[in-house]
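Hi,

Here is the structure I said I would pass on. Have a look at it first, and then read on for what turned up in it.

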Amino acid sequence: TKFKHNANKKIVEISFAVTPPSADPALVEEENDLTEFPPLDSCIPGEAAGECEAVTQSEGQTVTPWDVEAEGGIDYEKLIRDFGCSRVDEKLVQRIERLTGKKAHRFLRRGLFFSHRDLTNLLDNYEKGVPFYLYTGRGPSSESLHMGHLIPFTFTKWLQDAFDVPLVIQLTDDEKFFFKEGSLEEFHRLGYENAKDIIACGFNPDKTFIFSNLDYMGTMYPVVVKLQRMITYNQAKGCFGFDDSRNIGQSAFPAIQAAPSFPVAFPSLFGNRTDIMCLIPQAIDQDPYFRLTRDIAPRLGWQKPALIHSKFFPALQGYQTKMGASVANSAVFVTDTPKLIKEKINKHAFSGGKDTAEEQRQCGADITVDVSVAYLEYLLEDDEELATIKSKYAKGEMLTGEVKQRLIGICSDIVTEHQKQRKEVTDEVVAHFMNPHRPTLKFF
């Protein structure tokens, strides 16, 4: 393979020759994502390498691990094209149902987890008897989680139960120290508090390992070092938008987040096996981390992790407002009381309804911008009831207050149950989940 770069025209020419193994080769059709290319700076030297950032920024919208901005809402079809992902279509959803023997999770049925990388390859291996594991994480920046934080954990729990597979959960206390104001000790403490909320989601205690980066780094460090050697500073700057004012911890962190993607980071779980794939449920804004990870993997002789991406869970004020743990009225928190949940939703949940009841009955609501409808799409299990609410609300047969009332009831039930489960999570339970050497974790 040859690369030819023209800096003036900003063109990369790639040429290669293919030699068949015999005069009459057997042609095998493979399902590959041909739009997935290595980071631009691995092909283009010098200043042009910074153009890698364009992968996450397209006209009218910016999607990075730290900033999500869009005029008029996120265009997810455009993200699929720009990021080079594959769509989670009905055929793939049906395949998951067939392999698990379970009805697809509502997030899959409704297209809320909408794109993927190599999920079909992972399922191919699974059908051949090659196991896989799940990996997700949490950056501990607050005392408690909000409803948006529960989305990936809810889906990950379903995947763990449906496929009966092990799960690792990374607490990135180090990342928060690199990127936010606060003491290292405080972020470490918050990680343990967040672990209690994560455990309360109901993960299998015999197949789930939760770890703090600060605590587990000694075991994981050889994997981190190998990854760091493969990432150039230009790659880190180009793919994540780092400038020269950033601390070096930020530039080094992508390798730390990448490390759990590989089973060699967990010798007590997987031994020395490298054939096991990893599946990472994540919001689409985390894709740049793992795009870089997937580029590095073959160079180390490791399996690329498979990814499945979710759409963004909106703030109460709408998609134009960032949901944040530091902005109390932007989200429903798992520590909120039913009274506070009711107040937040009634007062702050952006409505697509009209200004008066009379106008609403006459014209109907714009359900595409209504936050209560968006929350119900994530939280209401009954497909038929959801379709009825959306239809009636759009036609003016339901008022905003009625829709919000249904959402208040669902959120209150979820939060009340979560608080009940969290009370059962003692320090001893946390220690059990964070012990990598318990016998139940020796899977393969």
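The largest nonpolar core has 68 residues, and within it Leu108, Phe163, Ile210 and Leu279 touch the most other members. Bear in mind that this is a predicted model. Helix H5 gives this core its largest share, nine residues. A separate core of 37 residues lies apart from it, with Tyr135, Phe209, Phe242 and Ile280 among its members.

Seven strands make up an open sheet with mixed pairing, and the order is E6-E7-E12-E11-E8-E9-E10. The edges are taken by E6 (86-87) and E10 (208-212); each has a single partner strand, so one side of each has no neighbour in the sheet. E6 runs antiparallel to E7 (residues 113-117), joined by two bridges, and serine 86 has histidine 116 of E7 as its bridge partner.

Six of its seven residues are buried, so E8 is largely enclosed by the rest of the structure. What does E8 pair with in the parallel sense over three bridges? That is strand E11, residues 277-283, where leucine 279 is the bridge partner of leucine 134. E8 also runs parallel to E9 (residues 167-171), this time with five bridges, and there tyrosine 135 is partnered by valine 168. To get from E8 to E9 the chain passes through H5 (residues 147-163), in a right-handed β-α-β crossover.

One thing to keep in mind as you look along these strands: in a regular strand the side chains alternate between the two faces of the sheet. Leu279 belongs to the 68-residue core, whereas Ile280 is in the one of 37 residues.

For the overall numbers, the chain has 18 helices and twelve strands, and 49% of its 444 residues count as buried. Among contacts with a separation of 6 or more, 76% come from residues 24 or more positions apart.

Cheers

Technical notes
Residues numbered from 1 in each chain as written. Predicted model: local features only at pLDDT ≥ 70, side-chain atom pairs only at ≥ 80, totals over all residues. Heavy atoms only, no water. Helix = DSSP H or I, 4+ residues; strand = E, 2+ residues; numbered from the N terminus. Buried < 20%, exposed > 50% of the residue type's maximum accessible area, 1.4 Å probe, protein only. Contact = heavy atoms within 4.5 Å. Pairing = 2+ DSSP bridges. Right-handed = clockwise from strand over helix to strand, strands pointing away. Core = buried A, V, L, I, M, F, W, Y, C linked by side-chain atoms within 4.5 Å.
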